Amino acid sequence: MSELFTIMKSELMITGIIFILLFIKLGKLVQNETLLPLIQLLLLINFIAGFFMNFEATAFDTMYQTNGVMALEKSILNLGIYLIALLFTEWFKQTEHLAEFFILLLSAVLGMYLLISSNNFLMFYLSLELATIPIAALANFDLQKKISSEAAMKMILSSAFSSGILLFGISILYGVTGSISFEAIPALLNGDAIHILILVFLFSAFAFKLSIVPFHLWTADVYEGSPFAVTALLSVISKGAIAFVLITTLYKVFAPLHVVWYNILMILSIITMIVGNLFAIRQQNIKRFLAFSSIAQVGYILFGISSMDPVKGSASVIYFVLIYVFSNLAAFGVTNAIAMFSGKESIADYKGLYQTNPLLSWVLALALFSLAGVPPTAGFFGKLFLLSAGASDAVYAFVAVAALNMIVSLYYYLRVVRSVFMDKNEQPVATVPVSPYTKLGLIICSFGIVVTGVFSWIYDHLIAIITQ
Amino acid sequence: MHPGLGQILFISTALFFIGVYGFLTRRNLVTMLMSIELILNSVNLNFIAFNKYLWANRLDGLFFTIFIIAIAAAEAAVAIAIIINLYRSHGSIDVENAEELKY
């Protein structure tokens with residue numbers, strides 16, 4: 001019994017924090033001002049604890065599994081939620097329902113951890129719902145804003161529809177193979193037409209959650225309407241978790257259908273990159289801009305997953321998500337600080353920001369350079385590994401299209417950097433007061449962006465863990 | 001005459017596509033939610049039919065159905081709460097009127 005506690009420690013830590021917050025809320029034990037540092041401390045402890053006592057094990061009759069790679073993936077997400085708790089301090093301070101916000105957020109994260117560890121389609125479905133329903137409630141957190149409730153409506157309806165499609169796929173899978181266990185299914189699949197149909201149903205549910213292109217239409221609206229903290233959660237933590245799960249599902253459960261999903265991934269990744277990049281060019285709102293940029297980033301992730309070599313594929317995706325956590329959260333942190341102070345979210349308002357806020361401008365520029373993949377930053381190495389993993393056996397035309405897309409993406413990222421540093425503006429945003437917590441978060445992010453790329457042992461370490 | 005697996009699968013597939021059609025064409029949010037429930041119920045039918053006719057000794061399908069019903073209730077609760085809030089702010093539950101977010 002005590003063994004179960006160590007096997008499921010990441011989930012139990014999160015559950016513990018949820019219960020602590022629940023008791024604090026119910027008993028009105030702590031004031032809002034002291035609650036935020038407490039939450040940050042708890043999440044820091046949670047992040048550090050994630051590195052200890054990791055081993056390979058299964059629980060609940062193989063419904064739940066864990067190993068070194070999964071523990072590492074959870075640690076990356078732990079880091080992400082800790083950074084979210086730091087970076088959006090300005091927004092947390094003005095919200096009345098801080099405890100509820102973190103209870104919902106951590107419930108969604110708990111769902112993601114169970115999703116990463118699930119080894120059975122029943123578990124998979126339950127944790128997928130646990131990971132999405134609280135986020136829909138979170139999207140509605142700015143109760144007085146019209147766009148917030150509209151975003152939540154779009155989120156809950158599209159995610160419910162996509163999980164309906166997923167369930168239909170699973171039900172056919174059960175009918176054809178008689179099993180819903182990840183261990184038993186691969187031996188029973190052989191590439192019949194009905195098996196391909198199942199793959200398509202399941203993959204389209206993934207595509208909804210990851211906002212791969214034909215299924216991406218909810219993304220920009222939900223990102224724009226939700227509070228910044230929720231947008232960051234959706235675009236970094238949720239996407240990272242689903243990308244990790246997509247790796248396990250495709251490489252493990254659908255390994256016999258490799259040729260089929262290889263083609264699906266190749267075509268969709270190219271379309272996703274092109275559409276994400278082209279739509280990002282014409283965005284005026286910074287949140288919508290980051291939404292389409294994150295769609296384009298998912299295109300690169302898919303390109304990495306489509307590798308013939310599972311080790312390289314998963315290592316490059318995990319490495320990229322780690323970098324993506326730093327760079328995207330830094331961008332959201334800066335834009336949140338500016339939006340909370342001045343209420344401005346449009347790219348045109350960022351003109352001349354450098355005159356008044358040099359430090360914020362540098363962090364934003366660093367984050368955008370990393371997202372674009374400019375060499376000294378980590379983003380370059382992340383994309384390099386993704387492309388080389390995907391290119392190991394690809395049609396070279398696709399690799400060329402992916403590389404061209406990166407050049408297109410440079411255009412719109414640099415457009416923001418130009419308006420921050422070079423464009424003249426008579427009345428730029430006044431100097432933004434940044435709280436020490438946000439500063440700490442931004443420092444960690446910038447440090448991560450610079451250092452993760454330089455230390456190549458991180459990638460080697462990933463490969464070593466995966467091949468174990 | 002007992003219905004065979006084919007008849008039940010026909011009904012459940014029809015129900016699934018009626019749900020998809022309703023979701024895509026209806027403009028009233030509550031009706032769209034009902035269409036999603038139709039989809040989930042067609043999946044339930046599928047699981048039960050497969051369990052009874054093909055895999056009578058493997059109860060995974062039966063358990064799956066129970067969990068789907070529970071999750072569908074939770075999802076409907078959150079969705080209805082969101083729709084009520086939307087009604088308060090927009091004064092309507094027609095998707096055509098929720099048009100702040102575009103392009």
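## Salt bridges in chain A

In this predicted model, a salt bridge joins A:Asp423 and A:Arg418, whose closest N and O atoms lie 3.8 Å apart; A:Arg418 is partly exposed, at 45% relative accessibility. A second pair is formed by A:Lys145 and A:Asp142, with 3.6 Å between the closest N and O atoms, and here A:Lys145 is partly exposed at 38%, whereas A:Asp142 is buried at 9%.

A:Lys252 and A:Glu183 also meet through their side chains in a salt bridge, at 3.6 Å from N to O. This pair links distant parts of the chain, 69 residues apart, since A:Lys252 belongs to helix α12 of chain A and A:Glu183 to the loop between α8 (146–177) and α9 (185–188) of chain A. A:Lys252 is partly exposed, with a relative accessible area of 26%, and A:Glu183 is partly exposed as well, with 45%. A network of salt bridges links A:Glu150, A:Lys154, A:Asp221, A:Glu224 and A:Arg288, and the count over all chains comes to 10 salt bridges.

## Packing of two helices

Helix α4 (residues 68–87) and helix α12 (residues 228–253), both of chain A, pack with their axes 10 Å apart and at an angle of about 175 degrees, and they are therefore roughly antiparallel to each other. Among the residues making the contact are A:Ile76, A:Leu77 and A:Ile81 of α4(A), together with A:Leu233, A:Ile237 and A:Phe244 of α12(A).

## A nonpolar patch on chain B

On chain B, the residues B:Ile48, B:Leu59, B:Leu62, B:Phe63, B:Ile66 and B:Phe67 make a nonpolar surface patch of about 500 Å². Helix α3 (residues 60–90) of chain B gives the most to this patch, with 4 residues. B:Phe63 is found in that helix and is partly exposed, with a relative accessible area of 43%.

How values were computed
Residues are numbered from 1 along each chain as its sequence is written. Chains are lettered from A and ligands numbered from 1 in the order in which they are written. This is a predicted model: local features need pLDDT of at least 70, side-chain atom pairs count only at pLDDT 80 or more; totals for chains, interfaces and linings use all residues. Side-chain values use heavy atoms; hydrogens and water are left out. Patches are made of residues with over 30% relative accessible area and no salt bridge: like charges are joined within 9 Å, nonpolar side chains (Val, Leu, Ile, Met, Phe, Trp, Tyr) within 5 Å. Accessible areas come from the Shrake-Rupley method with a 1.4 Å probe; for residues, only the protein chains shown count as cover. A salt bridge is a side-chain nitrogen of Lys or Arg within 4 Å of a carboxyl oxygen of Asp or Glu. Buried means under 20% relative accessible area, exposed over 50%, partly exposed in between (1.4 Å probe, protein chains only). Axes are lines fitted to C-alpha atoms, for helices over the stretch in contact, and angles run from 0 to 180 degrees between N-to-C directions. Angles under 35 degrees count as roughly parallel, over 145 as roughly antiparallel, 65 to 115 as roughly perpendicular and the rest as oblique. Contact means heavy atoms within 4.5 Å.
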